[in-house]
Amino acid sequence: MLARTFQFGEAAVGDLRPVLVSPQASIMKALVEGFMSHQPVAYVLFGVGAMITISLEMLGQPSLIFALGMYLPLELNTPALVGGFLSHLLNKKAEQRNGEAGRTIRERGVIIASGLMAGGALGGVFGAALRLFPWYREDLVKLPWYDHVSVSESISVLMFVGLCAYVWFSSLRRSKSEA
């Protein structure tokens, strides 16, 4: 369904479908084209990447997180970074409460965040499914302020802060049995 609805990686000439950026596929394409075209390849960069990976692993830090941060676009990294900070702060609160109350905070936070991620994925699939229908047009789902960049961005920031507040307060709320 996604393959019929979107193009992946780069726009094909004459294809009017929207393009889904796929960083991993684009990187692999660039590597294969570099190796197969007999053009000079910057092996030094591969060496630097290997040394960074080895250094991070020796320091006990996960190198995959560093690698993802290097090639994923900022619009994907920023919410992940904020989510990481939120998780860290909730875990600190959970450590302060100890025992069952602390475990409940961690579990609630994970369940809420997992639900938000699943909801986002389902929303993306639903959006792709809508594009399969011939009657579908983008203007059917645009809100009135969509074309006003400053208003649209301000509302987005407010909604994101509200979502973070929801995760925070919902994770910390005490159940009736704790009260």
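Trainee: Which helices are included in what covers the buried residues of α5?
Mentor: The cover includes α6, residues 99–130, and α7, residues 149–172. Helices are DSSP runs of H or I with at least four residues, numbered from the N terminus. The model is predicted, so local features need pLDDT of at least 70 and side-chain atom pairs 80 or more, while totals for chains, interfaces and linings use all residues. Residues are numbered from 1 along each chain as its sequence is written, and side-chain values use heavy atoms, without hydrogens and water.

Trainee: Which residues of α5 are buried?
Mentor: L86, L90 and A94 are buried, that is, under 20% relative accessible area with a 1.4 Å probe, protein chains only.

Trainee: How many residues does α5 have, and what does it reach?
Mentor: Helix α5 comprises 24 residues, 74–97, and reaches 35 Å from first to last C-alpha. That is close to the expected 34 Å, which is 1.5 Å times one less than the number of residues.

Trainee: What is the angle between α5 and α6?
Mentor: They pack at about 165°, and their axes lie 7 Å apart. Helix α5 is therefore roughly antiparallel to α6, a label for angles over 145 degrees.

Trainee: Which residues of α5 meet α6?
Mentor: On the α5 side they are L90, N91, K93, A94, E95 and R97. Their partners in α6 are G99, A101, G102, I105 and R106, with heavy atoms within 4.5 Å counted as contact.

Trainee: On another topic, where is N98 found?
Mentor: N98 sits in the loop between α5 and α6. Its phi is positive, about 60°, although N98 is not a glycine.

Notes
Helices (H or I, at least four residues) and strands (E, at least two) are DSSP runs, numbered from the N terminus. Buried means under 20% relative accessible area, exposed over 50%, partly exposed in between (1.4 Å probe, protein chains only). Axes are lines fitted to C-alpha atoms, for helices over the stretch in contact, and angles run from 0 to 180 degrees between N-to-C directions. Angles under 35 degrees count as roughly parallel, over 145 as roughly antiparallel, 65 to 115 as roughly perpendicular and the rest as oblique.
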